[in-house]
Amino acid sequence: MSTLRGVVSARIIARPGGEIDEIHLLTTDEVTAKQTVRNVESALLAHLDMEIDHRVVSVAQTSERPPAAVAPVSAVQIVPEVEPEPDLDDRILFEAYQVETERSHQIRHKVELSWRGESFVGEVTAADLARARLEAVAKATLAAMEAAVASVRAEAYRGRPLTLALDGVKLVEAFDRKFVMVAVHAMAGRDVNALAGATVVEESADRATILATLQAADRWVRGKF
């Protein structure tokens, strides 16, 4: 890519599977940024049969020209996208859970979490039914986690906001005990990850649901920061 007209250096960030996430170019001002992006798209299509979204290409320009006697430097790097290992001492913690009756057969569930010295609250109102109750508790937990993410700016993860969506909650019996299983879809830009957590019911199914939801999504969220 550094052989393209006007390109001084290039850096490519790709996932292990080969899909390109970002292309960063430093170019001279002899070619416009828009034309450089088109040249990159054409080169990848012609040589690698690879189509990319033009939005993954960023171009920085310099008015300086590289010395004529110096051969172009190949500065293209393929950097696998590796999720950082989250700090175990940086976990999102469960602090409190409250239930309030709003009106006939409607209950408000409030979950409070703490992260990095701050408290975050998620609230969801749902019908006073067994399944709806557990789903509401899980959704309130995810809402609190999203509030925590917003506090450290979701844009910090390469400009892609993070979204947590509940896929399902189920109370199951196994090994003479009851467990709560929670499935979550975690989304960062175009990436969608299926997460799951399970916790034994000890004090209450509500508390187990909160802990299972945290187990499902906590590590993934912290890995983004």
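Reader: Which residue takes a positive phi in the hairpin of S5 and S6?

Author: Keep in mind that this is a predicted model. Strand S5 covers residues 93-103 and strand S6 covers residues 106-115, and the two pair in the antiparallel sense over nine bridges. Two residues sit between these strands, and the one with a positive phi, near 65°, is histidine 105.

Reader: And which residue in S6 stands opposite valine 99?

Author: Look along the antiparallel pair of S5 and S6, with its nine bridges. Valine 99 has its opposite number in S6, and that is histidine 109.

Reader: Is arginine 116 buried, partly exposed or exposed?

Author: Start with where to look: arginine 116 lies in the loop between S6 and strand S7 (118-127). It's not a glycine, yet arginine 116 has a positive phi of about 55°. Its relative accessible area is 42%, and the middle class runs between 20% and 50%, so arginine 116 counts as partly exposed.

Reader: What about phenylalanine 175, buried or exposed?

Author: Phenylalanine 175 also sits in a loop, the one between strand S8 (162-174) and strand S9 (177-188). Phi of phenylalanine 175 is positive, near 55°, in a residue other than glycine. Its relative accessible area is 74%, and the cut-off is over 50%, so phenylalanine 175 is exposed.

Reader: At what angle do helix H2 and helix H3 pack?

Author: Two packed helices are described by the angle between their axes and the distance between the axes. Here H2 is residues 130-151 and H3 is residues 205-223, with axes 9 Å apart. H2 passes H3 in a right-handed crossing. The angle comes to about 35°.

Reader: What percentage of the residues of the chain count as buried?

Author: Buried means under 20% relative accessible area. The chain as a whole has an accessible surface of about 13,100 Å², with 51% of that belonging to carbon and sulfur atoms. Of its 225 residues, the buried share is 37%.

How values were computed. Residues are numbered from 1 along each chain as its sequence is written. This is a predicted model: local features need pLDDT of at least 70, side-chain atom pairs count only at pLDDT 80 or more; totals for chains, interfaces and linings use all residues. Side-chain values use heavy atoms; hydrogens and water are left out. Axes are lines fitted to C-alpha atoms, for helices over the stretch in contact, and angles run from 0 to 180 degrees between N-to-C directions. Helices (H or I, at least four residues) and strands (E, at least two) are DSSP runs, numbered from the N terminus. A crossing is left-handed if the near helix is turned anticlockwise from the far one by less than a right angle, and right-handed if clockwise. Buried means under 20% relative accessible area, exposed over 50%, partly exposed in between (1.4 Å probe, protein chains only). Accessible areas come from the Shrake-Rupley method with a 1.4 Å probe; for residues, only the protein chains shown count as cover. Two strands pair if DSSP finds at least two bridges between them.
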